[in-house]
Amino acid sequence: KNTGCAMIYFWKVLERIRDTGLSVRKRVILIMRDLIRQQPQFEHLDKIHLQVLGRITDEEASIQDLVKTCFADFFFCTEKITGSTSSPISEEEASRRTVHLVALHKEIAGNQRLLSQARLLMRGLLTRDTDSKSKGNDTTNIELVRTRNRIAGMICFCLLDNLLQLHEHDDFSDERLLPIVRTLHTFCQIDPKLCVPKDAQSKFAQTLRPYVTFSRDHVSQITESAAAVMQSIISILAEIFPHISRPPSDLVDGLAGDLHAIALQSLDALNQKGRTQIKLNDQRQKQQCLRSLFTVGVVCRFGVETIEACEDTSGITMDLLLVTYVDFLQCGSSMEMKQKALQGCGSIFVVRPSVMLHKCFSSMLKVTLRPDSDKLIKLQSLRNLHDFLQNEEKRMDAAA
């Protein structure tokens, strides 16, 4: 309980979070939780968040449960606010938590396993627990989830404000923008309605739209960070738009025009690269290829009419795109490029289910799920199957 002592021996104590003793690991996590509660301005909070989150993969279920409790305590608990207010936390506190969440996402960006675990953890905290046994517990759980979602909504607004504030500084860069956008994307994946407030449903889409326009006009200046930012923003828009009841016509027309232009640029880029130029050494060309593979996949998924309408002028058909994706999957110069190609194949499978019955794709699926296949490829293959089955279920529900 003496946080002053814990601060003095902070690094030595934190090292024991990976101790072989179960009781030691538990005690360290509890010490870190108490330290954050009593010292919210402690300079190494981000390190604590990262180390505690890392124990979500602990072999002991009790440790995993403790991590979930602490994570909820770190980011989604209420606070006592003086004065009359209906907010569960103050705007200042929401801003503080936002900064630490962004820092956490920045640290785990390269660890797909931990990133997925963090997303699952946040989903569990922000969605209703259907395993509640009694009506009383169920009522308590519903109210708790509602409060956490209100806090999550405040954090999403803070993320949006951070995006706007970045443009007011001279040191603005895609590298600084990326962790903010990725954090916002995580919340959208959990519940898109967090970014569709009732009183201003189009606010997030209107704020993000200029980034799409900028990407359209600066395709030749694409970098790795810029490509990742663009991918996250398009994914966010794809998540939230179905929940906007009456999007402004100028927003819809503007986004449609921007995405149509980006799609044509991406289709042309893929067509030019071809199978003989897949092994790219130039970093800029590689990033352009990754961006094109992703963008065309999104267009295939949500705007296949755009591709079919441009077949006569562009000479690019769905069959040609499918062959191109398979070529990149088989001969891509990096695992990231192969993953993006497999993701594109998955988008085509959703809109053209009959393609999955082709013999070559049956063989391809088996190869991607072999025990010796790269984890990134296996994960993407399973995502493709999940998206396909989910879409087929929606079709059957609509036809019933």
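**Helix α4.** I started with helix α4 (residues 45-54) in this predicted model: 7 of its 10 residues are buried, so the rest of the structure largely encloses it. I take buried as under 20% relative accessible area, exposed as over 50%, and partly exposed as in between, with a 1.4 Å probe and protein chains only. Helices here are DSSP runs of H or I with at least four residues, strands are E runs of at least two, and both are numbered from the N terminus. Leu45, Ile48, His49, Leu50, Gln51, Val52 and Leu53 are the buried ones in α4. They pack against α2 (10-15), α3 (22-38), α5 (61-75), α6 and α7 (112-126).

**Ground rules.** Residues count from 1 along each chain as its sequence is written, and side-chain values use heavy atoms, without hydrogens or water. Local features need pLDDT of at least 70 and side-chain atom pairs 80 or more, while totals for chains, interfaces and linings use all residues.

**Confidence.** I checked pLDDT, the predictor's confidence in each residue from 0 to 100. The protein chain averages 82, and 85% of residues score at least 70. Residues 130-136 fall below 50, and beyond near neighbours in sequence this stretch has 3 contacts in the model (contact: heavy atoms within 4.5 Å). Where pLDDT is low, the predicted coordinates should not be read in detail.

**Cores.** I count a nonpolar core as buried Ala, Val, Leu, Ile, Met, Phe, Trp, Tyr and Cys residues joined through side-chain atoms within 4.5 Å. The largest has 77 residues, and Ile48, Val52, Leu53, Phe71, Phe76, Phe187 and Ile240 touch the most other members. Helix α8 (residues 135-166) contributes the most, 10 residues. Another core of 25 residues lies apart from it, with Leu293, Leu342, Val351 and Phe361 among its members.

**Phe10 and Phe42.** I pair rings of Phe, Tyr and Trp (its six-membered ring) if their centres lie within 6.5 Å; planes under 30 degrees apart are stacked, over 60 edge-to-face, the rest tilted. That gives 6 aromatic pairs. Phe10 and Phe42 are edge-to-face, 5.1 Å centre to centre with 75° between the planes. Phe10 is in helix α2 and Phe42 in the loop between α3 and α4, so the pair ties together parts 32 residues apart in sequence. Phe10 is buried at 2% relative accessible area, and Phe42 counts as buried at 9%.
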